[in-house]
Amino acid sequence: QVQLVESGGGLVQAGGSLRLSCAASGRIFAIDTLGWYRQAPGKQRELVAAITSGGSTNYADSVKGRFTISRDNAKNTVYLQMNSLKPEDTAVYYCKADLWSPGRVKYDYWGQGTQVTVSS
């Protein structure tokens, strides 16, 4: 079993910052890509940022220059530093981990989500 536990969400005023964390635990052989997604009410879940095992990053256009994704492989943890937050960033944020099994099969796991609310 693998668990992803997110933390760091909350309520912040526009222009403020938050840092999300997501720690993976359990039977982990190898972690490939880690990512953050978000889902606002009435909208589809969308990719916010992702980081590969090699450190390459990818961001949604709406967050480029404001959000930074990073990972600590020793701690099996991914972070999302969110600066200059806007009300439109309000959503439930989910982390996703692509994990390799010993048999080289890739599985994806999701966290339970953490609420981020940005007030205007």
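Predicted model: local features only at pLDDT ≥ 70, side-chain atom pairs only at ≥ 80, totals over all residues.

Modeller: Searching the whole structure turns up one disulfide. Its partners are Cys22 and Cys95, with sulfur atoms 1.9 Å apart. Cys22 belongs to strand β3 (residues 18-26) and Cys95 to strand β9 (residues 91-100), so the bond ties together parts that are 73 residues apart in sequence. Both ends are covered: Cys22 has 3% relative accessibility and counts as buried, while Cys95 is buried at 0%. The cut-off behind that word is under 20% relative accessible area.

Ser101 has a relative accessible area of 15%, so Ser101 is buried. Leaving aside residues up to four places away in sequence, Ser101 touches Phe29 and Tyr107.

Now for the setting. The protein chain has eleven strands and zero helices. Its radius of gyration is 14 Å, close to the 14 Å given by the globule rule for 120 residues, so the chain is as compact as a globular protein of that length. The C-alpha trace spans about 50 × 25 × 25 Å along its principal axes. Buried residues account for 42% of the 120 residues. Of the contacts between residues at least 6 apart in sequence, 53% join residues at least 24 apart.

How values were computed:
Residues numbered from 1 in each chain as written. Heavy atoms only, no water. Disulfide = S-S within 2.5 Å. Helix = DSSP H or I, 4+ residues; strand = E, 2+ residues; numbered from the N terminus. Buried < 20%, exposed > 50% of the residue type's maximum accessible area, 1.4 Å probe, protein only. Contact = heavy atoms within 4.5 Å. Rg over C-alpha atoms; globule rule 2.2 N^0.38 Å.
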